Amino acid sequence: RHDQGGDVGVVATAAWKAAVTNPPRLLRRLLPYIMNLLLDDLAASDSAIAERATLCLQELPSRVPDDSEGRPPATLLQALLAGTNANSTAQRCGCLRGLEAVAKGCGSS
């Protein structure tokens, strides 16, 4: 959805809507895999990649709420918090950027 090419985002969104009948349930199941990808991207030296990962994380709390209050899933927060103890400075900074994005996403829902 957050690809720099506008056409890519439109096609990806259309394909997702056509293929997935229960997005929150599927996203909850895929969340560990998604988080691995996002954590790598948050630590990327390419700022465009890190920014796309930040946008995705900011959107996740509204897409996959843990409860009726709209709180983010615990697995999402646990992955980000665990990453703040990483050996790599880039990974720690990326996880902190991710926590900030999730907080912003919760505030907008």
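Reply: In this predicted model, the helix α2 contains 20 residues, yet its end C-alpha atoms lie only 23 Å apart. A straight helix, at 1.5 Å a residue, would reach 28 Å. Where does α2 bend? There is a kink of about 60° at Leu31, shortly before the proline Pro32.

Leu31 is also one of the buried residues of α2. An α-helix has 3.6 residues a turn, so residues three or four places apart point the same way.

The next matter is the nonpolar core. The largest such core in the protein has 16 residues. It draws two or more residues from each of α2 (23-42), α3 (47-63), α4 (74-83) and α5 (89-107), and α2 gives the most, with seven residues. Among the residues with the most contacts inside this core are Met35 and Leu38, together with Leu57, Leu60, Leu76 and Leu80. In soluble globular proteins, nonpolar side chains tend to be buried together.

Which residues does Leu38 touch, leaving aside its neighbours within four places in sequence? Leu38 is in contact with Ala53, Cys56, Leu57 and Leu60.

Finally, the setting of α2 may be described. The protein has five helices and zero strands. Of its 109 residues, 28% count as buried. Among contacts with a separation of 6 or more, 53% join residues 24 or more positions apart.

Technical notes
Residues numbered from 1 in each chain as written. Predicted model: local features only at pLDDT ≥ 70, side-chain atom pairs only at ≥ 80, totals over all residues. Heavy atoms only, no water. Core = buried A, V, L, I, M, F, W, Y, C linked by side-chain atoms within 4.5 Å. Buried < 20%, exposed > 50% of the residue type's maximum accessible area, 1.4 Å probe, protein only. Helix = DSSP H or I, 4+ residues; strand = E, 2+ residues; numbered from the N terminus. Contact = heavy atoms within 4.5 Å. Expected span 1.5 Å × (residues − 1). Bend = angle between axes of the 7 residues up to and from the residue.
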